[in-house]
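These are my notebook entries on what I looked up, written down in the order in which I went through it.

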Protein chains: 2
Amino acid sequence: MSNLEANRWFTEISDRDGSAFSLRVNRKLDEIQSPFQNVEMYETTDFGNLMIIDGCTMVSTRENFFYHEMMSHPALFSHPAPKNVVIIGGGDCGTLREVLKHPGVETVTQIDIDEVVTQMALKYFPELCASNDDPRATVMFDDGIKYMHDAAPESVDVVIVDGTDPVGPGEGLFNHAFYTSCLKALRPGGILVQQSESPLMHMTLLKEMRQAMLDVGFVDLQTLPFPQPIYPSGLWSATLARKGEPFNGFREQDAEQAGFDTEYYNTGIHKGALATPGFMRRAFESKD
Amino acid sequence: MSNLEANRWFTEISDRDGSAFSLRVNRKLDEIQSPFQNVEMYETTDFGNLMIIDGCTMVSTRENFFYHEMMSHPALFSHPAPKNVVIIGGGDCGTLREVLKHPGVETVTQIDIDEVVTQMALKYFPELCASNDDPRATVMFDDGIKYMHDAAPESVDVVIVDGTDPVGPGEGLFNHAFYTSCLKALRPGGILVQQSESPLMHMTLLKEMRQAMLDVGFVDLQTLPFPQPIYPSGLWSATLARKGEPFNGFREQDAEQAGFDTEYYNTGIHKGALATPGFMRRAFESKD
């Protein structure tokens, strides 16, 4: 039933989902084994360039906009006036670029543990790195868990956790200790955003994550689904957690009048993502 | 790079997209070569049962709700009072089931060319066929193109074209002659719905389809994206075309108070789907 020629396709098998996704490739562009992970780059036939980390598809030229926009704009427009933003992970710099589109943002500090990811992005996704030299941006390579642990209390408005899946170096980004650090570092009304896997395939993990956020003291959650063509099921999510007060809509007029282009995000998409489908709502409500 | 064991995975290679999607299977349940196409059924490890037609994934237990709900509810709630509905294709009966959830609908006639599809659905997706015996339903096996050509003028409120891709038996469902038949059969204010492929991967085809609908005289179009985990890119669309007058919102209050459950569709999802993302809007507006 399967006849993908090994040298013409990159295939990621997702054992936990019983599914696999393949992209046809012209050639391998690069491969670097960093101290943390194996980073490969391919040129695909239809999706532009493709970054693979430890065998998992991470980013492609063609479809990364869904993810980067949904990891940034809903949170930034839900906060009344976000000035100081921290991105944990995010080494491809695509989320950084989106955050910097917001003129009210004064500082963005990105902390990815692996400099190799950003080196690869600079070379193969230069468009994602277009804002790295913005004077408001600080791009660091360090341990994001430690960074958040040591961050000054109430010094940040939005923390975006743009990490890999909860295995390998990304694992420590999905637990109570890390969320406690984030809560402490956020100002009242501040928002934590985390990529929260597939609502269709990874509901157990998603529910654990949501529960952990509430356990440490976040008072309100939103889980926003969005398309993610190269990840398992093609449907992914971002979970937003708010400190101190519940979410209270979003700055819709500012979003309508945002003076920047987006490929996916708009106010209607934002509202649609907030309209939790029945299959998600029932899973959130169930005790299983 | 690829090491899917041939007997444990079903793989659909989408040559036109440079992508492939695989589901892990426990076993093949059935296979029938009909006069029209080859229909296979598999039991997967994580997606329930899976129907394959001519080598292409069609429907699985786990995720068909996205498609069936988005092919039916947006159109039915956009029409002020849909009474007579025709489904062309739709042999798995999932769209029929959704349409029959609307109490105001008086008749639904489903015309699929291939009885084998429905036989397989009755056996392996009985939940999708739960409403086949509704007295309002007529399930026919015949040529849907001829059916629409011969349909009485102004006798139908909504035509749902729930066909396969524009190859094989589904090909005639994507052209001017067929759309002209649909336009004629619809009452003023009537709505044609067609599955319109992936907005991310098949924009050329989608634009041709939209242009053909306008060419034959439909006056307004809506293309609604939705998740479709087992189709290429995981993002699919339904295009709605209206006869005689532009779309004018939808019956939001009726949708809010609908006395039936859905897994995906709700009023917020509907509005979100109407908020065309920039990448689609720009493609629709471009001359290419």
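Which residues is Met51(B) in contact with, leaving aside its neighbours within four places in sequence? I found Val39(B), Glu40(B), Met41(B), Cys56(B), Thr57(B), Met58(B), Val59(B), Val117(B), Met120(B), Ala121(B) and Phe125(B), where contact means heavy atoms within 4.5 Å.

I note the conventions here: this is a predicted model, in which local features need pLDDT of at least 70 and side-chain atom pairs count only at pLDDT 80 or more, while totals for chains, interfaces and linings use all residues. Residues are numbered from 1 along each chain as its sequence is written, chains are lettered from A and ligands numbered from 1 in the order in which they are written, and side-chain values use heavy atoms, with hydrogens and water left out.

**Cores.** I looked up the largest nonpolar core, which has 69 residues, and in it Met51(B) and Val193(B) touch the most other members. Such a core is a set of buried Ala, Val, Leu, Ile, Met, Phe, Trp, Tyr and Cys residues joined through side-chain atoms within 4.5 Å; buried means under 20% relative accessible area, exposed over 50%, and partly exposed in between, with a 1.4 Å probe and protein chains only. Its largest share, eight residues, comes from helix 1 (residues 64-78) of chain B; helices (H or I, at least four residues) and strands (E, at least two) are DSSP runs numbered from the N terminus. Apart from this core lies another, of 68 residues, including Met71(A) and Phe125(A).

**Strand 11 of chain B.** I find strand 11 (residues 220-227) largely enclosed by the rest of the structure, because seven of its eight residues are buried. Eight bridges join strand 11 to strand 12 (residues 235-242) of chain B, and the two run antiparallel; DSSP must find at least two bridges for strands to pair. Within this pairing, the bridge partner of Pro227(B) is Leu235(B).

**Annotated positions.** Under "binding site", an unreviewed UniProt entry lists His68(A) and Asp92(A). They are spread over 25 residues of sequence, yet they cluster in space, with a largest C-alpha distance of 10.0 Å.

His68(A) is found in helix 1 (residues 64-78) of chain A and is buried, with a relative accessible area of 2%. I also looked up Asp92(A), which is found in the loop between strand 6 (84-89) and helix 2 (94-99) of chain A and is buried, with a relative accessible area of 8%. Beyond four places in sequence, His68(A) touches Asp92(A), among others.

Conventions:
UniProt positions renumbered as here; feature names shortened; annotations may be inferred.
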